[in-house]
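Me: I've got a chain to go through before class. Can you walk me through it in plain words?

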Amino acid sequence: PPPARVRDPAPPRRSGPALLALAMGGFTIGTTEFATMGLLSDIATDLGTSIPTAGHAITAYAVGVVVGAPLLTVAAARVPRKTLLLALMAFYTLGNLFSATAGSIETLVAGRFLAGLPHGAFFGVGAAVGAAVAGPGRRGRAVATMMAGLTIANVVGVPLSTFAGQQLGWRAAFVVVGALGRVTLLALWRLLPAGAGSEAGRVRPARGARPAPLGAQAEGRPAP
């Protein structure tokens, strides 16, 4: 008779909290990515410039995303994934707090560029870490959970940060995002397991073990 199919192993105990921390990162980044759009008139008035010129802050962030994603990913290829995520979120938090202190449109543009640098790298590394933490058979769900933070940011985070900026001043929006970044840093530090997503954290086959046939791998059966 054909061998019984083996169910996927249960995910690690900390996969849920770890994915929540990654989703918080997506929420934090997504909130500030679009919040600037609703505050352009406030920014232009406060910094004494035109709305089209204030829009350069949005462009600068997008340029930072494009430049930072490949450069930071390649430059930090040997850095442990958890350490890299913490560094990226810390840099992102500082970039937003720097934006909140901008006294001119040039300084704000520089701050938005700096804040955009870790954006793409965080999502790329975070997706790999989430997939590794969740384990085989649950990787797609893990990536979707992380990206859900970005979706929730568009529905909840962006309107709330825009409202805060309009009521308390546009700088308040970046201060709020900076606070979210600090909370995310703490969550990543406490909830992500050490070595998640890195080569050191992967299970390697024992020496002399034969790889399972392709069909057996798909069904989860061990090698003969």
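Me: What does the secondary structure of the protein chain come to?
Reply: Nine helices and zero strands. Helices (H or I, at least four residues) and strands (E, at least two) are DSSP runs, numbered from the N terminus. Bear in mind that this is a predicted model: local features need pLDDT of at least 70, side-chain atom pairs count only at pLDDT 80 or more, and totals for chains, interfaces and linings use all residues. Residues are numbered from 1 along each chain as its sequence is written, and side-chain values use heavy atoms, with hydrogens and water left out.

Me: How much of the protein chain is buried?
Reply: Buried residues make up 40% of the 224 residues. Buried means under 20% relative accessible area, exposed over 50%, and partly exposed in between (1.4 Å probe, protein chains only).

Me: What about contacts along the sequence? Which share joins residues at least 24 apart?
Reply: Take the contacts between residues at least 6 apart in sequence: 80% of them join residues at least 24 apart. Contact means heavy atoms within 4.5 Å.

Me: New topic. How many salt bridges does the structure hold?
Reply: One. The side chains of Arg 171 and Asp 46 meet in it, at 3.0 Å from N to O. A salt bridge is a side-chain nitrogen of Lys or Arg within 4 Å of a carboxyl oxygen of Asp or Glu.

Me: Where do those two sit in the chain?
Reply: In distant parts of it. Arg 171 is in helix α8 (residues 170–191) and Asp 46 is in helix α2 (residues 40–47), 125 residues apart.

Me: Why does Arg 171 count as partly exposed?
Reply: Because its relative accessibility is 27%. Asp 46 also counts as partly exposed, at 44%.

Me: Let's look at α8 itself. How far apart are its end C-alpha atoms?
Reply: They are 32 Å apart. At 1.5 Å a residue, its 22 residues should span 32 Å, so the two agree. The expected span is 1.5 Å times one less than the number of residues.

Me: Which residues of α8 are buried?
Reply: Among them are Trp 170, Phe 174, Val 177, Gly 181 and Leu 188. What covers the buried residues of α8 includes α1, α2, α5 (81–100), α6 and α7.

Me: OK, α7 next. How far does it reach?
Reply: Helix α7 (residues 139–168) has 30 residues and reaches 41 Å from its first C-alpha to its last. That is close to the 44 Å expected.

Me: Where is the kink in α7 centred?
Reply: On Ala 153, with a kink of about 50°. The bend at a residue is the angle between axes fitted to the seven residues ending there and the seven starting there. Ala 153 is also one of the buried residues of α7.

Me: What do the buried residues of α7 pack against?
Reply: They pack against α1 (15–35), α6 (105–134) and α8. Just after α7, Gly 169 takes a positive phi of about 105°.

Me: You mentioned α6. Is His 119 in there buried or exposed?
Reply: His 119, found in helix α6, counts as buried at 8% relative accessibility. Leaving aside neighbours within four places in sequence, His 119 is in contact with Ile 29, Glu 33, Tyr 61 and Val 65.

Me: And Gly 111, buried or exposed?
Reply: Buried, with a relative accessible area of 0%. Gly 111 has its place in helix α6 too. Apart from neighbours within four places in sequence, Gly 111 is in contact with Gly 95, Phe 98 and Ser 99.

Me: Last one, the surface. Which residues make the nonpolar patch?
Reply: Val 63, Val 66, Val 67 and Leu 71 make a nonpolar surface patch of about 340 Å². Patches are made of residues with over 30% relative accessible area and no salt bridge: like charges are joined within 9 Å, nonpolar side chains (Val, Leu, Ile, Met, Phe, Trp, Tyr) within 5 Å. Val 66 lies in helix α4 (residues 56–75) and counts as exposed, at 61% relative accessibility.

Methods: Areas by Shrake-Rupley, 256 points an atom, 1.4 Å probe, with all protein chains shown as cover.
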